[in-house]
Amino acid sequence: IETKHKTVREGKGLSLSCVTTGKPKPRIRWKKNGKTIIPDNRIRTRVTDTGSKLRIRNATIQDSGMYHCVAKLRNHHSTSEKGIVHVIGGAVFYGIL
């Protein structure tokens with residue numbers, strides 16, 4: 001993972017990149033806290049020329065955690081370094097006028 005620590009405000013988007021090499025291109029799975037991430041309408045993965053990208057729209061506190069990718073090429077597995085994502089609350093206090 002290119003970025004080891006990432007902080008994002010709740011409700012904002014975030015993306016993580018995983019760089020891989022190999023021919024043919026390896027199959028890549030993303031994991032959060034050791035569990036495989038299942039893409040949905042808010043969380044997407046895509047293959048890039050250099051590996052894979054994970055994008056999360058409207059980040060929530062529950063998206064905080066340790067992320068990494070696993071590349072599989074034939075019978076070989078390779079695991080990336082882990083990256084930590086912190087999602088911080090977006091509450092704003094305006095005070096009393």
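Strand β2 and strand β6, which spans residues 51-56, pair in the antiparallel sense over six bridges. The structure is a predicted model.

**The three-stranded sheet**

- β2 and β6 belong to an open sheet of three strands, in which the order is β2-β6-β5 and the pairing is antiparallel.
- The edge strands are β2, covering residues 14-19, and β5, covering residues 43-48; each of them pairs on one side only.
- From one strand to the next, the twist averages 15 degrees.

**The disulfide**

- The structure has a count of one disulfide, and this link joins C18 to C69 with an S to S distance of 1.7 Å.
- The link of C18 and C69 is right-handed, with 45 degrees about the S-S bond.
- C18 lies in strand β2 and C69 lies in strand β7, so the pair ties together parts that are 51 residues apart in sequence.
- Both cysteines, C18 and C69, are buried.

**The salt bridge of K4 and E81**

- Two salt bridges are found in a search of the whole structure; one of them is formed by the side chains of K4 and E81, at 3.5 Å from N to O.
- K4 is located in the segment before β1 (5-9), while E81 is located in the loop between β8 (76-79) and β9 (83-88), so this pair ties together parts that are 77 residues apart in sequence.
- K4 is partly exposed, its relative accessible area being 34%.
- E81 counts as exposed, at 53% relative accessibility, because the cut-off for an exposed residue is over 50%.

**The salt bridge of R42 and D63**

- The side chains of R42 and D63 also meet in a salt bridge, at 2.8 Å from N to O.
- R42 sits in the loop between β4 (35-36) and β5, and D63 sits in the loop between β6 and β7 (65-73); the pair therefore ties together parts that are 21 residues apart in sequence.
- R42 counts as partly exposed, with 21% relative accessibility.
- D63 has a relative accessible area of 5% and is buried, because buried means under 20%.

Notes: Residues numbered from 1 in each chain as written. Predicted model: local features only at pLDDT ≥ 70, side-chain atom pairs only at ≥ 80, totals over all residues. Heavy atoms only, no water. Pairing = 2+ DSSP bridges. Helix = DSSP H or I, 4+ residues; strand = E, 2+ residues; numbered from the N terminus. Axes fitted to C-alpha atoms, helices over the stretch in contact; angles between N-to-C directions. Salt bridge = Lys/Arg side-chain N within 4 Å of Asp/Glu carboxyl O. Buried < 20%, exposed > 50% of the residue type's maximum accessible area, 1.4 Å probe, protein only. Disulfide = S-S within 2.5 Å.
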